[in-house]
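Subject: Structure for you to look at

Dear colleague,

Here is the structure I promised to pass on. My notes on it follow below.

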Number of protein chains: 2
Amino acid sequence: MTGWEDIRAEVLRRIRARDWPPGQVIPGEEALAQEFGVARATVNRALTALAEAGFLERRRKSGTRVAETPVRRATLDIPILRHEIEAQGRAYAFRLLDHRLMLPPLAVTTRLGLAPDQPMLWLETVHLADGHPHAHEARWLNPALLPDPCPDFSALSANEWLVRTLAFTAGDLAFLAEAAEGRVAEVFGVTAGAALLVMERTTWSGDQPITLLRLTHAPGHRVQMMV
Amino acid sequence: MTGWEDIRAEVLRRIRARDWPPGQVIPGEEALAQEFGVARATVNRALTALAEAGFLERRRKSGTRVAETPVRRATLDIPILRHEIEAQGRAYAFRLLDHRLMLPPLAVTTRLGLAPDQPMLWLETVHLADGHPHAHEARWLNPALLPDPCPDFSALSANEWLVRTLAFTAGDLAFLAEAAEGRVAEVFGVTAGAALLVMERTTWSGDQPITLLRLTHAPGHRVQMMV
DNA sequence: GAGTGGTCTAGACCACTAT
DNA sequence: TAGTGGTCTAGACCACTCC
C-alpha cells in the first residue's frame, strides 16, 4: 500500500535524518518512482506537496534539491471572533460603541488609496466573552460600498455583514504592539500605556478598498499559529 | 488551452461573483470536466487547490460546497533575521549578551516537558541592523542536544547553528504584546512599560524539546503577513 | 446501497533552463 | 540541445458518507 502521502513521509524522513542534507539534489522523479514502485505522477504529487510546504526547491532541468532553511512557513487561521469565543464554550456578544460618517485621518486614506476629503464610515465595537471584553474593534469602511439604507450594525456585526455581502479578493494583515489609551484602555479597564496586541487588516475588492480594521486584544492575549 | 490554473481562476471568479454563493453545492467534478472540456483529474487539481486555500469544502458523497467564511487563512514566512535585515539593504550583526547554564523558571520546564531541576543553556542576544538594535532574543536550549565542546555562540548565532545541525519536526509560534522591562528596555533605549511585540516559539525534534525562544522586536515593529 | 471525491496508472507532450 | 519537472488524459478502483 504505497500512496503519495507515504512517499511524502518517507522523503521528509530522509530530509530530517540528513540522508539528503540541505542543498543537496535528490534523485529525479523517474528514479524515485522506480524505487517506490509507483507511477511518476504519484511521486510528483508527494514532491509538489513538500515543495509547497517549503522543504524542497524544484526547478526544471536542474532537479529537486533540499531547501537550505527548513520549514519557515506558518499558517494562521484568521479567527472569526464569535466562533473563537463560542469554541471555548463562552457566550459571545458585542456592543457597538460608536458609528458615524466622518473624515478619516490622512494615514487611513493614504493606506487605502482614497481621496483625503471623503468621509468614511467609522465603527467602534467591543466584543465580549461571557460579558468580559475580549477585543476592541475600530473600523473604517468605504461608504461607496454601502447600500442606501445603511445596514443596522448594532444588530449584525460589520464583519459578518461584509463577509456575507461583499466579494473580497485581496488583503493583508499585520501584528503590532501598542500602548493602551483613551477608549481602548477604558474598555479593558487597564491604565493608559499597558501593552496590547493589535491585529491590523485591510481588505480589497479588486482595486476598490473595502475596509481597514484594527483589532486590539485584551491584555495578555496570545495569537497562536501552527508551524 | 485550458489548464488547471485556468479552471481554478474561473471557479474562483464564480465564487466571488456570487454565481455560487457561500454554502451552495457546486456541480460535481464530472460535470465540470465536461463543461470545460478536460479530464476529471484536471478539475480535481483545481478544486483541491481551492479547498486547500479555504474557498471550498469538499466531502465525498455530499459534494463540493462554497465555504461560508471566505479566505480565513494567512501564511507567515518566518523571518530569518539576518536575511530579513540584509534584504532591506542594512548591515546585520548580533551581540551575545549572556550565556550560561542555569535553572530555568518552572514555566519554561513545564512548557517543554523537562525535569524542573535540570539546568538549561540560557542565551541572550541582540540583533542589530546598521548598528541599531532590531530585536532581542532570549533562548532556553536543551543541553542534552549540545555536543561536548559547546559551539561558540558568540561567533555563530544559535539559530543558525540549530538550523544547520538539528532536524526539527514540530513547533509552534505565538504573538503577544509585552511591556518592556530590565535588559530589554535598556537594549532598545525605551522606558520600562513601553509596548513591544514578542514572538514566542518552541521547537521539537520528535518528542524531544530543542529550544524555547522569545524574540522581542524593536518599538513600532510590524509583522506583516499576506492573505 | 449508491454517489461523490481521492487516488493511482501508463503514457504522452509541453515548458523551462542549464550547458 | 537535452534533461528535468509540470501537466494532461482516459480509465480504473477505492474510501468515505449520506440515505
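I start with a loop: in chain B, Arg18 (B:Arg18) lies between helix H1 (4-16) and H2. Please keep in mind throughout that this is a predicted model. B:Arg18 is not a glycine, yet its phi is positive, at about 65°. Most residues other than glycine have a negative phi. With a relative accessible area of 26%, B:Arg18 is classed as partly exposed.

A second residue of this kind is B:Lys61, which is also not a glycine and has a positive phi near 75°. B:Lys61 sits in the loop between strand S1 (56-59) and strand S2 (63-66) of chain B. Its relative accessible area is 87%, so B:Lys61 counts as exposed, the cut-off for that class being over 50%.

Next, the relation between the chains. Chain A can be superposed on chain B by a rotation of 180° with a shift of 0.1 Å along the axis, at an RMSD of 0.2 Å. The two copies are therefore related as by a two-fold rotation axis. Both copies use the same surface, in that 100% of the contact residues of chain A recur in chain B.

Now the helices. In chain B, helix H2 (residues 29-36) packs on helix H3 (residues 40-52) at an angle of about 110°, and the axes are 8 Å apart. H2(B) and H3(B) are therefore roughly perpendicular to each other, since angles of 65 to 115 degrees fall in that class. From H2(B), the contact involves B:Glu29, B:Glu30, B:Leu32 and B:Ala33, and from H3(B) it involves B:Arg40, B:Val43, B:Asn44 and B:Leu47. By class, these residues are four nonpolar, three charged and one polar.

For chain A, the axes of H2(A) and H3(A) cross at roughly 110° and come within 8 Å, so this pair is also roughly perpendicular. Here H2(A) contributes A:Glu29, A:Glu30, A:Leu32 and A:Ala33, while H3(A) contributes A:Arg40, A:Val43, A:Asn44 and A:Leu47. The contact of H2(A) with H3(A) again has four nonpolar, one polar and three charged residues.

What does H3 of chain A pack against? The buried residues of H3(A) meet helix H1 (4-16), helix H2 (29-36) and strand S1 (56-59) of chain A, together with H3 of chain B. Those buried residues are A:Val43, A:Ala46, A:Leu47, A:Thr48, A:Ala49 and A:Leu50. Helix H3 (residues 40-52) of chain A has 13 residues and spans 18 Å from its first C-alpha to its last, close to the 18 Å expected at 1.5 Å a residue. After H3(A) comes A:Gly54, with a positive phi near 95°.

The last item is B:Ile210, in strand S9 (residues 208-217) of chain B. Is B:Ile210 buried or exposed? Its relative accessibility is 3%, so it counts as buried, the limit being under 20%. Apart from neighbours within four places in sequence, B:Ile210 is in contact with B:Trp140, B:Leu141, B:Asn142, B:Leu145, B:Leu162, B:Leu166, B:Ala167, B:Phe168, B:Thr203, B:Trp204 and B:Ser205. Between B:Ile210 and B:His136 there are 19 Å in space, C-alpha to C-alpha, and the two are 74 residues apart in sequence.

Regards

Key
Residues are numbered from 1 along each chain as its sequence is written. Chains are lettered from A and ligands numbered from 1 in the order in which they are written. This is a predicted model: local features need pLDDT of at least 70, side-chain atom pairs count only at pLDDT 80 or more; totals for chains, interfaces and linings use all residues. Side-chain values use heavy atoms; hydrogens and water are left out. Copies are superposed by least squares on the C-alpha atoms of residues with pLDDT of at least 70 in both. Contact means heavy atoms within 4.5 Å. Axes are lines fitted to C-alpha atoms, for helices over the stretch in contact, and angles run from 0 to 180 degrees between N-to-C directions. Helices (H or I, at least four residues) and strands (E, at least two) are DSSP runs, numbered from the N terminus. Angles under 35 degrees count as roughly parallel, over 145 as roughly antiparallel, 65 to 115 as roughly perpendicular and the rest as oblique. Ala, Val, Leu, Ile, Met, Phe, Trp, Tyr, Cys and Pro count as nonpolar, Asp, Glu, Lys and Arg as charged, and the others, Gly among them, as polar. The expected span of a helix is 1.5 Å times one less than its number of residues. Buried means under 20% relative accessible area, exposed over 50%, partly exposed in between (1.4 Å probe, protein chains only).
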